[in-house]
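Please consult the sequence and the model shown below while reading.

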Amino acid sequence: MDNFLLLGVCFVLGVGLRIAGIIDEHGPAALNAVIIHMSLPALALLYAHDLPLGPELIPPAAMAWIVFGAGYVLFVSLGRRMGWDRKTVVCLALTGALGNTSFVGLPMIEAFYGPQYLGVGMLCDTAGSFMVLAGPGIVLAAGASGRDVSRRELIRKVLLFPPLIAIVLGFALHAVPYPQWLTGMLTRLGSTLSPLALLSVGLTLRFKSIAGLGRELTVGLGYKLVAAPVLILVLYVWILGQTDMATKVTIFEAGMGPMISGGIIAMTYGARPGLAATMLGIGVPLSILTRPLWYWLLTFI
């Protein structure tokens, strides 16, 4: 409950600071830079170091890649019919095809399934969502930035993406135990992600613009909250025949709301910042409300 209260307070605070004119339009950009260069790398360095390397990694990690790939294809196809530009498609891919599998996902797993299944959530997040964001996510964002980006510059942007560097370093140090002070420091730095991100969302969100985003929100949130978990359920349960508790938790995670970090990347690269903020501002609380329904549905598997 504390996590959700923190999300709400930071979001409302961001809205209030914007309305009061205390922070100008450059505020979200500064916060996003801090998140990308401090909060995200700290979490990546922390989680990648302890990530188990084995067959059990595959199903939870693959979920995020499947959801992202299918979502991107869907958004591209619908975008052609609806006349969406590339920035809209990329924004929906970064928010509607990537889930909030950590800050909201992990507490939800603990509340509904117990702390013994948090490891499944960590696999979904670190080896799944986080790796997708650091790889194809940043490639799409850079390509949609509106600037002429050469292939060499695009590769440089991807390779120098701070969270990706942290993930590689975390894996490289897998055999080296972290000292307690380093773990504590990374944990504290990483814990700033969601508060800063929701503050940035509150500063960016314009409620009057929601009415003009009906189609985009319906498609993006409809896929993220309904179609994505159904897709994983069909693939993992009906096709692959997996009905264990880890599979249920993975499906549960597939229906989490838009990924906060994905929204921040969309805002940073100018991929419809207003739409990204609205996807987060509506999608995250809506996904929390739909968790009991998905938990109940999964009890029949």
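Contact here means heavy atoms within 4.5 Å. In this predicted model, His49 touches Gly170, Leu173, His174, Val176, Pro177 and Tyr178, leaving aside residues up to four places away in sequence. His49 belongs to helix H2, which covers residues 27–49. With a relative accessible area of 6%, His49 is buried. A polar atom of the His49 side chain lies 2.9 Å from the backbone oxygen of Leu173.

H2 supplies the largest share of the lining, three residues, and H2 and helix H7 (151–159) each give at least two.

Six aromatic pairs are found in a search of the whole structure. Two of them are set out below.

| Pair | Centre to centre | Angle between planes | Arrangement |
|---|---|---|---|
| Tyr113 and Tyr295 | 5.2 Å | 70 degrees | edge-to-face |
| Trp296 and Phe300 | 5.0 Å | 90 degrees | edge-to-face |

Tyr113 lies in the loop between helix H5 (105–112) and helix H6 (118–143), and Tyr295 in helix H14 (residues 273–298), so their pair ties together parts that are 182 residues apart in sequence. Tyr113 is buried at 11% relative accessibility, whereas Tyr295, at 31%, is partly exposed. Trp296 is partly exposed at 48%, and Phe300 is exposed at 60%. Ring pairs also link Phe112, Tyr113, Phe252 and Tyr295 into a cluster.

Terms used
Residues are numbered from 1 along each chain as its sequence is written. This is a predicted model: local features need pLDDT of at least 70, side-chain atom pairs count only at pLDDT 80 or more; totals for chains, interfaces and linings use all residues. Side-chain values use heavy atoms; hydrogens and water are left out. Helices (H or I, at least four residues) and strands (E, at least two) are DSSP runs, numbered from the N terminus. Buried means under 20% relative accessible area, exposed over 50%, partly exposed in between (1.4 Å probe, protein chains only). A polar contact is a pair of N or O atoms within 3.5 Å; within protein, one must be able to donate a hydrogen and the other to accept it, and residues adjacent in sequence count only if both atoms are side-chain atoms. Rings of Phe, Tyr and Trp (its six-membered ring) pair if their centres lie within 6.5 Å; planes under 30 degrees apart count as stacked, over 60 as edge-to-face and the rest as tilted.
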